[in-house]
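Q: Please take a close look at one part of this model for me. Tell me which residues it hides, which it shows, and what lies around it.

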Amino acid sequence: MTICIWCAQQITSSLTISDLFTFKKLKAKSACASCYSKLEKIIGHPSCPCCSRLQETTEVCQDCQKWIKAGKIKSLNHKALYTYNAFAKEWMQRYKFTGDTRIARMISEDLIKAIGNIATIDMIVPIPVSKKSFQIRGFNQTGIMLKTARIPYTNLLENTTTEKNQSKKTRQERLQSIQPFRIADQNKVSIKGKRVLVIDDVYTTGRTMIYAMECLISEGARNVQSLSVFR
């Protein structure tokens, strides 16, 4: 008997004819269909081509237009798995702040597929939390997501900020924040000429991702793309 990792109800599996004639062992689902369906996928719906914001058109959204106009980026190449709806907020509260890291299994398959669909990359780099947040929480939520999905990654960036948690900041505070990232001297050589994929849990204003991109490119990264679980 398999139990849904979110609602703790029994998962009932419906076999197809192809399943019956397949000799491979079927992989157990971590969440029931009802709970999994609450993760609203962005792929297949109109979204901003730069940041994956779900919208009615496929034009560049106003936020990205502002970043480009401000000269912060020439273009942004960001993908996201799910929209940050009410269930996503509840999911992040339980995962990130309550510490139920088991539910990272709910997104593992989609995370693996999303990374597999991205053009060739040499290195996967998670966005780091500040030392203060790590001391309080005890883990980097993005790193745990990658580890749960068995995706190799490199902790290349360091978060030097001593400010309060990003999730508690207002939109204006996020936009006005200073560069929080750096790469330790001993790690700078490893970034030279590499194609990097930066991964975070939630993409809100884009400020965090752009700072990470700027830091990596300034140290010699050949190309930087980004991916978030929620947008």
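A: Begin with a side chain at the boundary. Lys 188 is partly exposed, with a relative accessible area of 25%. (Buried means under 20% relative accessible area, exposed means over 50%, and partly exposed lies in between, with a 1.4 Å probe and protein chains only.) The side chain of Lys 188 meets that of Asp 185 in a salt bridge, 3.2 Å from N to O. (A salt bridge is a side-chain nitrogen of Lys or Arg within 4 Å of a carboxyl oxygen of Asp or Glu.) Asp 185 itself is exposed, at 59% relative accessibility.

A word on the basis. This is a predicted model, in which local features need pLDDT of at least 70 and side-chain atom pairs count only at pLDDT 80 or more, while totals for chains, interfaces and linings use all residues. Residues are numbered from 1 along each chain as its sequence is written, and side-chain values use heavy atoms, with hydrogens and water left out.

Now the part to examine: helix 5, residues 108-116. The protein chain has nine helices and six strands. Ser 108, Asp 110, Leu 111, Ala 114 and Ile 115 of helix 5 are buried. They cover an arc of only 165° around the axis, so they lie on the same side of helix 5. On the face turned away from the buried side, helix 5 carries Lys 113 and Gly 116, both exposed.

What covers the buried residues of helix 5? The cover includes two helices, helix 2 (33-36) and helix 7 (141-148). It also includes strand 1 (78-82), strand 2 (123-126), strand 5 (195-202) and strand 6 (223-230). (Contact means heavy atoms within 4.5 Å.)

Take those strands in turn. Seven of the eight residues of strand 6 are buried, so strand 6 is largely enclosed by the rest of the structure. Strand 6 pairs with strand 1 in the parallel sense over four bridges. (Two strands pair if DSSP finds at least two bridges between them.) Here Lys 79 stands opposite Leu 227 of strand 6. Strand 6 also pairs with strand 5, again parallel, over seven bridges.

Met 123 has Val 196 of strand 5 as its bridge partner. Strand 2 is hidden on both sides: Met 123 and Val 125 point one way, Ile 124 and Pro 126 point the other way, and all are buried.

Step back to the whole chain. Buried residues make up 45% of its 231 residues. Among contacts between residues at least 6 apart in sequence, 74% join residues at least 24 apart. The accessible surface comes to about 13,200 Å², and carbon and sulfur atoms account for 52% of it. (Areas come from the Shrake-Rupley method with a 1.4 Å probe; for residues, only the protein chains shown count as cover.)

Next, the charged pairs. The count comes to ten salt bridges. Glu 214 forms one with Arg 207, with the closest N and O atoms 3.9 Å apart. Arg 207 is buried at 4% relative accessibility, whereas Glu 214 is partly exposed at 29%. Elsewhere, salt bridges that share partners join Arg 94, Asp 100 and Arg 102 into one network. Within it, Asp 100 and Arg 102 have their closest N and O atoms 2.9 Å apart. Asp 100 is buried at 13% relative accessibility, and Arg 102 is partly exposed at 46%.

Last, the cysteines. The structure holds zero disulfides. (A disulfide is a pair of cysteine sulfur atoms within 2.5 Å.) Cys 4 is in none; the nearest cysteine sulfur, in Cys 7, is 3.6 Å away. Cys 4 is buried at 2% relative accessibility. Cys 50 is buried too, at 9%. Its closest cysteine sulfur, in Cys 48, is 4.7 Å from its own, too far for a bond.

How values were computed. The arc is that of the directions from the helix axis to the C-beta atoms.
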